[in-house]
Structures are given as structure tokens and as C-alpha cells.
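The chain is shown first.

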Amino acid sequence: MTMPVKRLFPIALVVGAAVALSACATFQRGPVGNAAVPQPSKAVDLNRYAGLWYELGRYENGFERDCEGVTARYTVRDDGIVEILNTCRRDSVTGPSKSSSGKAKVVEGSENAKLKVSFFGPFYVGDYWVLDRADDYSWSIVGEPSGRYLWLLTRTAQPSDETRETIMNRARDLGYDLSLIRATQH
């Protein structure tokens, strides 16, 4: 029995879109700053992780090019999905604001330290790994398996020198090339 072409077209369109989005998500740019990304070191309490984070530094990437004053706000919904609101200021800390919304779901068996993220509808294709964090959730180091992306996050826009040093030392201990980190201005 054959299916009419009109009925196959929507299916082919959805499958094609999924393949294209997956291809875009896996198309990596930039240098590998860590060829052996470790597994996350601690479980994450999503309710304690939720809230506002300031980006201390990152590996440069296309979707944050020319961004300063970068923040991320995470909100845990009743169904366990994490809502994401990323905001940056273009070109300077006083530049125009740009935001993007997304969502994340926990990877089963990861103790909430690994999430799959989506900024494109129903497709959870990005990886978000909380590689390490302070016991009091005052800082966090976030990466993903390719070693091309890294984010250093704090709860304050201007953390102490001691906190900065702790985060940088820990990122180095995790195998990251610190020379690739771009400091974020706030």
C-alpha cells in the first residue's frame, strides 16, 4: 500500500527540519579548549541553581559575539523543565539589550548536572553540563562534551578576586585552556 505524496510531504518536512537542526547543533566552530572534558563532579539541586547568574568569562562563540553584561536566568517549572532567559548588551555594558529564551530538561541519571537545551522549539540538541560549582551555589563552571564551549558563572557581577582565582584554578584543573577565556565586562 502506498501513501499519497501529499501525506508524505509533512512527514518529510518535519524529519528534514529535525536533521537540519541536529546538523547545525553539532557543527562546531572555534578551537577545542579541552580535548578531554570531564564528567560533572557534583549533583545539582535545580532549585538552588535557579535564579540569576552573571557571566564572568566564556570561550568566544558566534551567538555571543560582541556581548557584554551577559546574564542567564534559570527558572524551574513544576514539570521539571528549566526555563532560560539569556541577556547581553551589544558592544558595551551600556549597549542595546538582546535576549534569547530557551528551555532545558535534565538528562536522566546525571543527578541534574547534565541538561539538554533548546532554543529552537521542541528540539533539545544542545548540551549544558554543570562541571563544577561552589557548595553554596555562588559560582558555576559550565561546559559541554566537545570542549569548544565554556562559561564561568557567578551570582554577582563583580565577584571578589579570591572567587575569580578559585574559578580559574578549577577550570584549569578540569583541563581548560585559560588563554581562550574571554572576560565579560559588567
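## Contacts of tyrosine 74

Beyond its neighbours within four places in sequence, tyrosine 74 is in contact (heavy atoms within 4.5 Å) with Tyr49, Ala50, Gly51, Trp53, Val82, Glu83, Ile84, Tyr128 and Leu153. The model is predicted: local features need pLDDT of at least 70 and side-chain atom pairs pLDDT 80 or more, while totals for chains, interfaces and linings use all residues. Residues are numbered from 1 along each chain as its sequence is written, and side-chain values use heavy atoms, without hydrogens and water.

## Nonpolar cores

A nonpolar core is a set of buried Ala, Val, Leu, Ile, Met, Phe, Trp, Tyr and Cys residues joined through side-chain atoms within 4.5 Å; buried means under 20% relative accessible area with a 1.4 Å probe, protein chains only. The largest has 19 residues, and Val44, Tyr49, Tyr74, Tyr128 and Leu153 have the most contacts inside it. Elements giving two or more residues to this core are helix 2 (46–49), strand 2, strand 3, strand 5 (114–118), strand 6 (126–133) and strand 8 (150–154). Helices (H or I, at least four residues) and strands (E, at least two) are DSSP runs, numbered from the N terminus.

A second, separate core of 15 residues includes Leu131, Ile141, Ile167 and Leu174.

## Disulfide

The whole structure holds 1 disulfide, defined as a pair of cysteine sulfur atoms within 2.5 Å. Its sulfur atoms, in cysteine 67 and cysteine 88, are 2.2 Å apart. The pair joins strand 2 (residues 67–76) to strand 3 (residues 82–90), 21 residues apart. Cysteine 67 is buried at 1% relative accessibility, and cysteine 88 is buried at 5%.

Technical notes:
Buried < 20%, exposed > 50% of the residue type's maximum accessible area, 1.4 Å probe, protein only.
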